[in-house]
Amino acid sequence: MGKPTDLVQGTLDLLILKTISLEPMNGWAIAKRIVQVSGSVLQVQQGSLYPALHRLEHQGWIKAEWSDSQNHRRAKFYSLTAAGHKRLQSELDNWHRLSNAIGLVIEAV
Amino acid sequence: MRWLAIVRNTLRSLFRRRRAEAELEDEFRYHLEREIESNLRAGMPPREARLAALRLIGPIAFHQEACRDWRGTAYLETCARDVRYALHMLRRTPLFTAAAILTLALGIGANTTVFTFVDNILLRPLPVRDPQQLAFLNWGAGVNLSYPNYADLRDRNRAFSSLIAYRFVPLSLSIRARENYRVWGYEASGDYFETLGIKPLLGRGFGPEDDKPGGNPVLVVSHRFWRNHFAADPNAVGRQVKINGYPFTVIGVAPPGFAGTELIVDADFWVPMNMEPRIEPGSNWLHSRYASNIWAMGRLKPDVSRARAEADLNRISQELAAEYPDVLDRKVRFRLSPPGLIGQALRGPITGFGVVLMGIGGLVLLLACVNLAGMLTARAADRRHEIGIRLALGASKARLLRQLMTESLLLAAMGGLVGFAIAFGACRLFSSWRLNIDIPIETALQPDAFVLGFTAAAALSTTLFFGLMPAIQAIRTDLIPSLRNAPANRFHRWGVRDLIVTGQIALSVILVICSVLAVRSLQHALTLNLGFEPGNAVSASFDLQLQGYDEKRSRTFDAALVAKASALPGIQAAGIINNFPLRIGEDNLVVSRTDRPMPPPSERHRATTYKISPGYLRAAGTKLLRGRDIGSHDREGAPAVALVNQALADLLFGKEDPLGKHFRMTLNAADAGMEIVGVVETGKYESLGEDPKPVVFLPVGQTGTEETTLVVRTTLPAQQTAELLRKTILDLDPELTLYSVGGLKDQLALPLFPARAAAILLGVFGFLAMVLAATGLFALMAYAVARRTREIGIRIALGARPGLVLSSVLKRTLVLCAVGVSLGALATLAAGRLLSAVLYGVSPRDPVTYATAILLMSLVALLACWSPAARAIRIDPARTLREE
């Protein structure tokens with residue numbers, strides 16, 4: 001019953017927000033896209049994607065709409081809200097700061 | 001914007017739950033189908049494609065549950081489930097549920113009632129503008145000032161933006177011919193309404209211009225009086241009425257909810273203080289610095305503290321003492337207190353009373369909680385099996401705890417509701433109670449939102465008290481034995497339940513001792529030597545001066561009345577007194593010996609003065625200890641004589657024989673004074689709890705009287721005699737307004753009120769405590785026997801004699817009872833001093849009370865244990881063993 005506390009908790013949010021920032025996407029497509037873009041390095045456990053999506057939706061960062069997918073079946077499409085766009089920006093900034101810092105530390109030796 | 005989205009999402013999932021569920025289902029199904037399709041396209045066989053997809057997505061139900069958690073309504077939904085389950089469990093044991101709710105309701109109801117009293121009297125501020133800025137002036141040990149002193153304080157102080165004076169008095173108000181009412185209200189200084197910020201409903205309040213020397217004959221009537229006697233006439237302002245026979249003009253109607261500056265009495269009118277000669281004919285205290293009969297209250301300037309204001313007042317009082325050294329004592333100090341309860345005069349005792357009641361009410365509630373905790377513990381033990389199963393199935397302990405607490409909370413909520421209803425009823429009952437007395441005492445108790453909040457808080461906190469411990473105990477269950485349904489072997493150790501029983505007994509012993517004390521105190525108050533015999537005595541009061549009689553006419557009237565009354569059937573003695581003891585409004589005058597120089601102000605004794613006619617002592621039943629009674633020859637022109645009570649004789653003359661000695665009641669050293677011709681027993685004059693007070697009885701023949709109370713001693717029933725007296729008086733003058741007509745016993749309602757209220761309340765609390773203790777013990781014993789049925793059966797089968805069985809069942813309970821009783825008695829001994837606020841003539845450590853209470857509790861304990869113990873002996877081993 002616990003909330004998703006995976007290692008990727010923080011990063012999963014970032015990946016989701018970034019992925020749907022280009023166009024509205026359904027859950028399956030988001031999972032596929034993350035795997036594909038990361039060159040199969042990042043294997044999202046598909047099930048745990050949905051609690052994260054529902055949480056982001058409940059928190060108002062993203063919104064969901066039901067519409068037809070490519071093969072004319074109805075699917076739930078997620079897209080960023082205005083607040084979500086801002087959130088993505090700050091998450092990205094955080095990420096860059098963090099990875100730069102880590103980069104500096106491991107390059108320094 | 002984002003918050004809006006959150007709220008919208010929450011609401012949607014709350015009210016469109018079914019749709020959200022369907023969507024959740026669809027979302028996962030869509031995902032699976034796409035994954036399967038993609039696998040098929042990659043060339044997998046259908047079965048394989050499906051399995052791979054399922055593997056990749058993981059446990060669907062688990063993820064869906066995680067999604068539901070994010071809806072923000074999961075908590076509410078779980079709560080609803082808990083409530084439904086708790087209701088189900090409570091319905092399954094209706095007897096337990098009813099007992100629990102009743103227990104709580106009684107405890108909460110009692111507390112809410114007491115709190116309503118405390119809230120209404122002590123916490124609620126006066127219904128005036130900025131009441132926290134107002135301060136009442138206490139003067140030394142008393143509250144009364146003289147008008148000239150007040151005027152000086154008002155003019156010289158720097159601490160108050162205004163200082164008002166008022167006095168509560170009765171008068172005879174006539175709206176039209178032959179329609180007289182005896183009503184009570186305030187003579188108030190001119191800035192009264194302005195200072196308090198009271199805006200009349202109709203017309204205006206009087207102002208300083210109406211209260212100049214001489215005054216304007218105007219009055220403001222209360223909202224209640226306007227409704228009752230002017231039929232809420234919107235044109236009442238401007239009407240002419242007669243006060244004590246003089247024409248006055250109604251200039252205003254007070255707003256509803258404002259009944260004057262003292263909370264415990266209801267005023268019906270306000271008149272300018274300078275109208276005193278018309279309101280109280282014959283007295284002229286407006287100009288006497290010796291008088292002490294008005295109360296004062298000030299509005300502090302915004303930046304002035306109470307301490308600074310007191311210092312300022314004391315500075316003036318020093319000045320005044322220097323200016324009037326023979327009147328004022330320079331050692332007496334001013335003290336400020338919150339307004340509303342006649343300064344410290346009533347606030348002190350009422351606070352004491354309130355503290356005792358709240359304390360005892362709290363004990364009752366605690367006892368109810370302990371009782372309920374005991375019941376819940378027993379119940380939890382019965383549910384060990386169920387709880388064990390649920391734990392084994394993976395329920396988290398927090399979740400179980402929440403569920404058990406939901407049950408307790410439900411009980412508390414229902415108990416609180418019923419308790420509030422009980423309190424509401426009790427307050428209605430109290431409000432409808434009218435004392436048979438002249439003064440309009442305010443008895444309305446109104447539970448308001450604040451009280452409701454108190455009840456809710458009480459109910460909530462009780463939940464923690466009684467529910468938490470049993471719940472924690474319940475979920476601490478050891479899994480294995482509880483699943484095997486084996487009896488817990490913990491029962492034989494000293495456990496929480498023993499603590500509960502001991503606490504229960506101790507608490508109820510405290511309460512029972514308190515209630516026995518209160519009942520004994522009432523008993524004592526009823527048999528107290530009052531200085532008169534209330535049985536078989538009847539009185540009727542009226543005021544001739546308010547009716548315009550002069551001294552000569554009133555003396556003739558009184559003489560004729562006593563003669564006529566003496567001739568009535570059944571009358572053994574008849575006499576007159578100006579103001580009967582134990583009603584308010586005594587006159588206190590300085591008394592001193594004529595054979596000694598006048599003592600300085602700080603060493604003067606004051607004595608209460610009564611004016612009586614021949615025959616009064618016999619009619620009232622006051623014992624003459626030495627000397628002679630007043631006779632008809634003690635009239636004007638004859639040597640001045642007086643009777644004194646033993647307390648005054650002791651005070652002025654010590655061991656000397658007071659008979660034949662002289663004393664004076666003025667500050668004039670040349671006054672020859674009056675001769676003491678008799679000494680009567682010391683009685684009670686202001687309150688039942690007072691110390692012996694010095695009292696002087698003067699003959700009406702030499703002084704005349706203003707108010708008159710006719711007292712007769714009769715062999716006929718009081719009701720009948722009262723009617724005879726009423727008729728006799730009205731035959732002499734049909735215009736008179738009579739008050740306080742009836743048996744003296746009934747008229748003791750006011751002085752006996754505190755003792756009676758304490759006895760009733762504490763009696764109820766004590767009884768509740770006993771019932772709670774008895775049911776608690778009974779439940780525990782019955783439970784213990786029930787759980788040990790098999791063991792006892794085996795013992796009996798093996799040849800244990802009934803005595804042995806009995807002792808094995810009873811021994812521990814009796815030890816617990818003994819410990820509880822001793823603890824309770826010790827605690828009461830320690831806290832006894834607090835109780836003296838509500839006791840008369842009974843020591844809070846009265847040994848008889850303790851013995852009675854302890855005996856009573858032991859009896860109750862034995863009775864409660866009886867039937868379970870008897871059941872234990874009667875256990876049929878064959879049957880119990882077969883049952884297993």
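This is a predicted model: local features need pLDDT of at least 70, side-chain atom pairs count only at pLDDT 80 or more; totals for chains, interfaces and linings use all residues.
1. Start with the largest nonpolar core, which has 229 residues. The members that touch the most others are Val364(B), Ile505(B), Leu511(B), Val696(B), Val712(B), Leu725(B) and Ala769(B). Helix H12 of chain B, residues 344-382, is the biggest giver here, with 19 residues in this core.

2. Leaving aside residues up to four places away in sequence, Ala769(B) touches Val364(B), Leu367(B), Leu507(B), Ser508(B), Leu511(B) and Val512(B).

3. There's also a second, separate core, made of 27 residues. Members from both chains turn up in that core, including Leu15(A), Trp61(A), Phe77(A) and Trp70(B).

4. Now for the two chains: 24 residues of chain B are in contact with 24 residues of chain A. On the chain B side, helices H1 (2-15), H2 (17-41), H3 (46-57) and H4 (60-69) each put in at least two residues.

5. Within chain B, have a look at helices H6 (residues 94-123) and H15 (residues 449-475): their axes come within 10 Å and cross at roughly 145°. The crossing is right-handed. H6(B) brings Leu104(B), Ile108(B), Asn111(B), Thr112(B), Phe115(B), Thr116(B) and Asp119(B) to the contact, while H15(B) brings Phe450(B), Val451(B), Phe454(B), Thr455(B), Ala458(B), Ala459(B) and Thr462(B). Sorted by class, the residues of this contact come out as eight nonpolar, five polar and one charged.

Note on methods: Residues are numbered from 1 along each chain as its sequence is written. Chains are lettered from A and ligands numbered from 1 in the order in which they are written. Axes are lines fitted to C-alpha atoms, for helices over the stretch in contact, and angles run from 0 to 180 degrees between N-to-C directions. Helices (H or I, at least four residues) and strands (E, at least two) are DSSP runs, numbered from the N terminus. A crossing is left-handed if the near helix is turned anticlockwise from the far one by less than a right angle, and right-handed if clockwise. Two residues are in contact if their C-beta atoms, placed from the backbone, lie within 7 Å. Ala, Val, Leu, Ile, Met, Phe, Trp, Tyr, Cys and Pro count as nonpolar, Asp, Glu, Lys and Arg as charged, and the others, Gly among them, as polar. A nonpolar core is a set of buried Ala, Val, Leu, Ile, Met, Phe, Trp, Tyr and Cys residues joined through C-beta atoms within 7 Å. A residue is buried if 20 or more other C-beta atoms lie within 10 Å of its own, exposed if 12 or fewer, and partly exposed in between; C-beta atoms are placed from the backbone.
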